[in-house]
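Subject: Structure handover

Hello,

Here is the structure I promised to pass on. Please open it first, then read my notes below.

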Amino acid sequence: MQGLIPLLILIAIGFILLSIVLSFVPVGLWITAHFSGVRIGIFTLIGMRFRRVLPIRIVNPMIKATKAGLDLSIDKLEAHYLAGGDVNNVADALIAAQRADINLEFERAAAIDLAGRDVLQAVQVSVNPKVIETPKIAAVAKDGIEVMAKARVTVRANIERLVGGAGEETIIARVGEGIVTTVGSAATHKDVLENPDLISRTVLNKGLDAGTAYEILSIDIADIDIGRNIGAHLQTDQAEADKRIAQAKAEERRAMAVAKEQEMKAAVEEMRAKVVEAEAEVPRAMATALREGKMGVMDYYNMKNILADTNMREAISNVNKSSDDDKEKKDTKK
């Protein structure tokens, strides 16, 4: 009984050590790879542990690639994993490309994956083209009518230009620019409505897929609507602006006329002041003439009589004028 306890302790310690070794050494994964036709050494898997590489992330994609008939290297897969790539996605993309008879090498697939693009999706889009729908794009024809068009662009991924090529946003922007140019070149909006394929042909002939990661297969106008009369709005705004300018100039002329009128009134008052000043000199001149004997007393009284007669005539004329005005007012009231 006493010898059994140390034996159990040794068995437990051995079991624990074996568990630690098996957790560090992926024996089960090595067996799976061996029976799947992947020749990989147990020490290679242990080395992956030391390099902080999860062996399952390398072995499983290698098994899929081997079963699909691809010749891949463990070192390349491990290097791609250490670079931050998705090894499993790259393996799936290579298998899909082989099935679709697309020439895609591991180096290019890894470069596409490291560039941040989904290489598997790129292969799928290369096989099955996708449709990119643009938002409604507003353009104005030469007659001033706004035309709003929506296009559907069928594209196919270009594997050769996935690295460094522009994406969907560039395609949408270029198609929008082409729609605006085509509609703006039309004489009337009716021409666009009668021949919407004119937009498709013109835009497609511009080679909009240059420098992009896609190849444009077709551009179809999905919807086209008529918007506002931009030309009429612009003419109305211009007329309103011209009216305001004319009003401002008229106000300026009126202010200048008022200022001129005030200046003339001031000049009249100034002349009246000069007349009053001159009239004030008349009595002095008459007194001087009487003292010097140049004017007699009778001459002075004759002048006074003439002035009195003139004042009387003016008073009589004012009375007659007032009577005529009163009579005219009474006739108006009747």
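**A122 and its surroundings**

Beyond its neighbours within four places in sequence, A122 is in contact with A157, I159 and L162. Keep in mind that this is a predicted model. A122 sits in helix α8, residues 119-127. Is A122 buried or exposed? A122 has a relative accessible area of 8%. The cut-off for buried is under 20%, so A122 counts as buried. A97 is 25 residues from A122 in sequence, and their C-alpha atoms are 9.9 Å apart in space.

**The chain as a whole**

The protein chain has 13 helices and 4 strands. Of its 334 residues, 28% count as buried. The chain exposes about 22,100 Å², and carbon and sulfur atoms supply 57% of that area. Now take the contacts between residues at least 6 apart in sequence. Of these, 68% join residues at least 24 apart.

**The core**

The largest nonpolar core has 58 residues. Which residues have the most contacts inside it? They are V175 and I179. Domain 1 (3-127) and domain 2 (130-231) both give residues to this core, so the core lies between them.

I179 is worth a look. Leaving out residues up to four places away in sequence, I179 touches I137, A139, A149, A151, I199 and V203. I137 and A139 come up again in the next section.

Strand β2 covers residues 137-140. Side chains in a regular strand alternate between the two faces of the sheet. In β2, I137 and A139 make up the covered face. A138 and V140 make up the uncovered face.

Strand β3 spans residues 145-157 and runs antiparallel to β2. How many bridges join β2 to β3? There are 4. At one of them, I137 has A149 as its bridge partner in β3. I179 touches both I137 and A149.

D143 is in the loop between β2 and β3. At 30% relative accessibility, D143 counts as partly exposed. D143 touches A187, T188 and H189, not counting residues up to four places away in sequence.

D143 and I230 are 87 residues apart along the chain, with 8.9 Å between their C-alpha atoms. G144 and L234 are 90 residues apart in sequence, with 8.8 Å from C-alpha to C-alpha. L234 lies in helix α12, residues 230-292. At 56% relative accessibility, L234 counts as exposed.

E146 lies in strand β3. E146 is buried, with a relative accessible area of 11%. Residues up to four places away in sequence aside, E146 touches A138, A139 and V140, and also D225, I226, G227, R228 and I230. A138, A139 and V140 belong to β2.

T154 is also in β3. T154 has a relative accessible area of 18%. That is under the 20% cut-off, so T154 counts as buried. Its contacts, leaving aside neighbours within four places in sequence, include P129, K130 and V131. E215, I216, L217 and S218 are in contact with T154 as well.

Helix α3 runs over residues 42-50. Which of its residues are buried? They are L45, I46, G47 and M48. Just after α3, R52 takes a positive phi of about 60 degrees.

D101 also has a positive phi of about 60 degrees, although D101 is not a glycine. D101 is found in the loop between α6 (87-99) and α7 (106-114). With a relative accessible area of 72%, D101 is exposed.

**The annotated stretch**

One note comes from a record. An unreviewed UniProt entry annotates residues 261-288 as "coiled-coil region". In the model, that span is 100% helix and 0% strand. Its end C-alpha atoms lie 41 Å apart.

Best wishes

Notes. Residues numbered from 1 in each chain as written. Predicted model: local features only at pLDDT ≥ 70, side-chain atom pairs only at ≥ 80, totals over all residues. Heavy atoms only, no water. Core = buried A, V, L, I, M, F, W, Y, C linked by side-chain atoms within 4.5 Å. Buried < 20%, exposed > 50% of the residue type's maximum accessible area, 1.4 Å probe, protein only. Domains from an automatic or database assignment. Contact = heavy atoms within 4.5 Å. Helix = DSSP H or I, 4+ residues; strand = E, 2+ residues; numbered from the N terminus. Pairing = 2+ DSSP bridges. UniProt positions renumbered as here; feature names shortened; annotations may be inferred. Areas by Shrake-Rupley, 256 points an atom, 1.4 Å probe, with all protein chains shown as cover.
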